[in-house]
Amino acid sequence: MQPHELLLPRPEGLYCPPGDFFIDPVRPVERALITHGHSDHARSGHRHVLATRQTLDIMALRYGADFAGSTQAAILGEKLSLNGVSVSFHPAGHVLGSAQIAVETEGLRIVASGDYKRATDPTCAPFEIVPCDVFITEATFALPVFRHPDATHEIATLLKSVEQFPERAHLVGAYALGKAERVIRLLRDAGYERPIFIHGALAKLCEYYQSQGVDLGPLEPATIEGSAKGAFAGEIIVGPPSAFADRWARRFADPVACFASGWMRIRQRARQRGVELPLVISDHADWDELTATIGETGAGEIWVTHGREEALVRWCELAGIVGRPLHLVGYEDEGD
């Protein structure tokens, strides 16, 4: 069997003809296999959904219990047969519950990695190398300029700013699923024990992470109605980036605008968003992680889903590996 006979791109997403299922489809389908809970990969309305228990829980939190006709929880490393095609889920290191999906038949194995990273993340299982013939990778940060620093260094920078400016509130923009919880956990690991204030949009997911054994420490609502001016001076407030453009954020006294994102490597991006303290913290692989991972899988062919496809495909060509952009639409660069 040729790789394109096992998986191929369709407008709905990656489709497996012999298994009759899609991976991370962007439109409602009969059977969907979902890599993780971000909204550009996990959508409601499918007839059947197969994903890790945590991804199913996250989808229920975001879309309601009836987000799919039926669901099945995949156990990491366990092989299932779908119409004679073997599928298995393996940790992707992206967010809680995230998984790569290995699809295998007649000795041919293709691994769809979804979004992933190799850096240490205390809030989810680490990425696992799955040897394969074809590796399907994202390319969000597939340019040599993107080399993420150690996240603990960025957190230390944030804490130093809090110490230097005790009269100011520090507002940290972080995507609701994964990034916010990771930033909070990193703050705890750095010894920050004070309550961390969170926007209401983060409450459900933070509670879920805590229920899964990710200790986020004391969290309190960032409610400012009726609070005295300056009540949040010296405190850290975490919220979705979208909230920082509305009236909610402007009520804090002299806030320091921070944003945790891989895009903060680009100074112009930080200036455009009015970010005073950029924090280069990403849940996506950087250039070195992408190229190292391709080599470690042993794959002879690389398919690139979204992001900077051309640069990564060119790198593959120079490395003597067959590279192919899939030009899938509907997936975001980073975020939620």
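Let's start just after helix H4, where glycine 191 takes a positive phi of about 95°. Keep in mind as we go that this is a predicted model.

H4 spans residues 179–189 and is mostly covered, with 10 of its 11 residues buried.

Seven strands make up an open sheet with mixed pairing, and their order is S7-S8-S9-S10-S11-S18-S19. Strand S7 (80–82) and strand S19 (322–325) stand at the edges; each has a single partner strand, so one side of each is left without a neighbour in the sheet. From one strand to the next, the twist averages 25°.

Helix H8 (residues 287–297) lies across strand S11 (134–139) and strand S18 (301–307), running at about 175° to S11. Helix H9 (residues 309–318) lies across S11, S18 and S19, and runs at about 165° to S18.

One last stop is a loop. Between strand S16 (256–260) and helix H7 (267–272) you will find serine 261. Is this serine buried or exposed? Its relative accessible area is 0%, and buried means under 20%, so serine 261 is buried. Its side chain reaches the backbone nitrogen of tryptophan 263 at 3.0 Å.

Notes
Residues are numbered from 1 along each chain as its sequence is written. This is a predicted model: local features need pLDDT of at least 70, side-chain atom pairs count only at pLDDT 80 or more; totals for chains, interfaces and linings use all residues. Side-chain values use heavy atoms; hydrogens and water are left out. Buried means under 20% relative accessible area, exposed over 50%, partly exposed in between (1.4 Å probe, protein chains only). Helices (H or I, at least four residues) and strands (E, at least two) are DSSP runs, numbered from the N terminus. A polar contact is a pair of N or O atoms within 3.5 Å; within protein, one must be able to donate a hydrogen and the other to accept it, and residues adjacent in sequence count only if both atoms are side-chain atoms. Two strands pair if DSSP finds at least two bridges between them. Axes are lines fitted to C-alpha atoms, for helices over the stretch in contact, and angles run from 0 to 180 degrees between N-to-C directions. Contact means heavy atoms within 4.5 Å.
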